[in-house]
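This report describes a protein chain for a reader who is new to structural description. Please keep the sequence and the structure in view while reading.

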Amino acid sequence: MTEASVGQKQKQLEFALASVCDLTAASVSSSVPVIARFIADGGVAELRFYRESDSVDGFNVDLRTAQLFKLGPLQSVCISEGSDTNKENSYSSGVTIQFKNAEESRDFHSAFEQWKNEVVQGTRLPNGEISASRSKFDDKIEPSSAKMYFHYYGQLLHQQNMLQDYVRTGTYYAAVIENRGDFTGRVVVDVGAGSGILSLFAAQAGAKHVYAVEASEMAEYAHKLISGNPALAERITVIKGKIEEVELPEKADILISEPLGTLLVNERMLESYVIARDRFLVPNGKMFPTLGRIHMAPFTDEYLFVEVANKALFWQQQNYYGVDLTPLYGSAFQGYFSQPVVDAFDPRLLVSPPICHVLDFTEIKEEDLYEIDIPLKFIAAVGTRVHGLACWFDVLFNGSTVQRWLTTAPGTPTTHWYQIRCVLSQPIYVMAGQEISGRLHMIAHNAQSYTIHLTLSAKMWGPGAEQGGILQTSSCKLDLKEPYYRMSQPQPYTLAQDQQSHQLIQAQDIQIQGDDLDEVDLLRQPSQSSGPQI
């Protein structure tokens, strides 16, 4: 057994074996000694077999899918799954290995397991090498969650769902094409490339070269799609791997990504976007998108509250096939109110103008996204029952030529993100002019989402209010990972009996407030030539 290391681009480990037989070949094994070499070179982790007399004429086993089994003290079989994305045309391959002695067999099996566990699997797509160290992603994300996540985004039907969100896709296209000067002749890294559509947009805008990094099986489809556009493909390299683990041959002048989830932060891909910035972006390089804002406002919606509360009525049955279900009613009631509601709602349901919390992707630290604490303060515009907190987000593409916003605000064209509402199990009553205070506290968890702690309080109102305290407080705990996908289209809102004398807030009255930003009316579509200024 020999071991060698050549720089950081190549590591290898060799064994001189008695013989090897390719199970897919017609020939039988030769008695000529065979070299087995574990090698990671150019982004590929492989086990290569060849005769000592000919280091070229041999065959390879892909360590990404390979498994090793013992047939006897001195004989083993190594099986590797086919890599063709068309399962009908994908065939496994294998070799039987004859060892000289039991010690060699033991060492070979030990090395095989070590390479499988410690050498991160590479890819056959060009120009991508994988880091050998365990990444931050693996340390903070539950493996079962990651497996489901990458499986989901590895399917074309889900990519189609996102591509057919024309607000999303069209805004990205406009942001790139309208800012050709930022892309022409520049190196671009597409973080979480998915189908590769953003890489193709960057190439259309004149990018010198685009590295499309995608960890799911969608990388194979992206490679196929990009190859089918040959005029652009020569300037795009697809790399299968996590952005936390891959190595690139050069730094990026600009990063492009769609790392956005429900409430902006769900799925925790923003952390990967920030890691890509720290690893690959040149100083003063651009990021598309550049910053994001979470917008929040209290809302009233009696129909939604009753709908959520009524879900638990099933558990009030005292004779369900002879069983009393009522002991679980309280738990079920709280369980339904622990689900954030994802749907599109009428902006007239908002009780006050919204506030916003800014996340500047060019400066924020990855660790800042582990826990997000937002103080809340609103002035009620109407007298009503407050049923919870409504949230949405927008992101800015701060191009050198055009600043363009992508918004998910209520009252604007609906996106696949919709809006999100945290519903209180105990609403609070407010009068017009009364202050509503509270806190939105989000803590990241290892299922790639957040636990939300929301508290809203109504402060004393009227003469002497400054000397008064809190009149009512209501709190809830929600899991952003497990929302209620209501996703109804906003309907004309019928005024409740106790609201007839008040005008609910209008879409055109909602002004975004932020200490670091100029006021922007996000409920109006940005013009084609310009966007709101930071």
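Ala 297 stands opposite Ala 390 in strand E21. This is a predicted model, in which local features need a pLDDT of at least 70 and side-chain atom pairs count only at pLDDT 80 or more, while totals for chains, interfaces and linings use all residues. Residues are numbered from 1 along each chain as its sequence is written, and side-chain values use heavy atoms, with hydrogens and water left out.

**Strand E21 and its partners**

Helices (H or I, at least four residues) and strands (E, at least two) are DSSP runs, numbered from the N terminus. Two strands are said to pair if DSSP finds at least two bridges between them. Strand E17 (residues 291-299) pairs with E21 in the antiparallel sense, over nine bridges. E21 is also joined to strand E23 (residues 419-430) by seven bridges, and these two strands run antiparallel. Here Cys 391 stands opposite Ile 420 in E23. With E22, E21 forms five bridges, again in the antiparallel sense. Val 395 stands opposite Leu 406 in E22, and a hairpin of four residues leads from E21 to E22.

How many of the 15 residues of strand E21 (residues 384-398) are buried? The number is 14, so the strand is largely enclosed by the rest of the structure. A residue is called buried under 20% relative accessible area, exposed over 50%, and partly exposed in between (1.4 Å probe, protein chains only).

**A parallel pair and a crossover**

Strand E15 (residues 252-257) and strand E16 (residues 281-288) pair in the parallel sense over four bridges. In E16, Met 287 is the bridge partner of Leu 255. Together with helix H10 (residues 269-280), E15 and E16 make a right-handed β-α-β unit. Right-handed means that, with the strands pointing away from the viewer, the path from the first strand over the helix to the second runs clockwise.

Asn 284, found in strand E16, has a positive phi of about 65 degrees although it is not a glycine. Asn 284 counts as exposed, at 82% relative accessibility. A cis peptide bond, with omega of about 5 degrees, joins Phe 288 and Pro 289; Pro 289 is found in the loop between E16 and E17.

Gln 448 likewise is not a glycine and has a positive phi of about 65 degrees. Gln 448 is found in the loop between strand E24 (435-445) and strand E25 (449-459). Is Gln 448 buried or exposed? Gln 448 is buried, with a relative accessible area of 3%.

**Salt bridges**

The structure holds 20 salt bridges. A salt bridge is a side-chain nitrogen of Lys or Arg within 4 Å of a carboxyl oxygen of Asp or Glu. The table lists three of them.

| Arg 168 | Glu 258 | 2.8 Å |

Arg 168 forms its salt bridge with Glu 258. Arg 168 lies in helix H5 (residues 166-177) and Glu 258 in the loop between E15 and H10, so the pair ties together parts that are 90 residues apart in sequence. Both Arg 168 and Glu 258 are buried.

Arg 404 is buried at 8% relative accessibility, whereas Glu 178 is partly exposed at 22%.

**The chain as a whole**

The chain has twelve helices and 27 strands. Of its 534 residues, 51% count as buried. Among contacts (heavy atoms within 4.5 Å) with a separation of 6 or more, 71% are between residues 24 or more positions apart.
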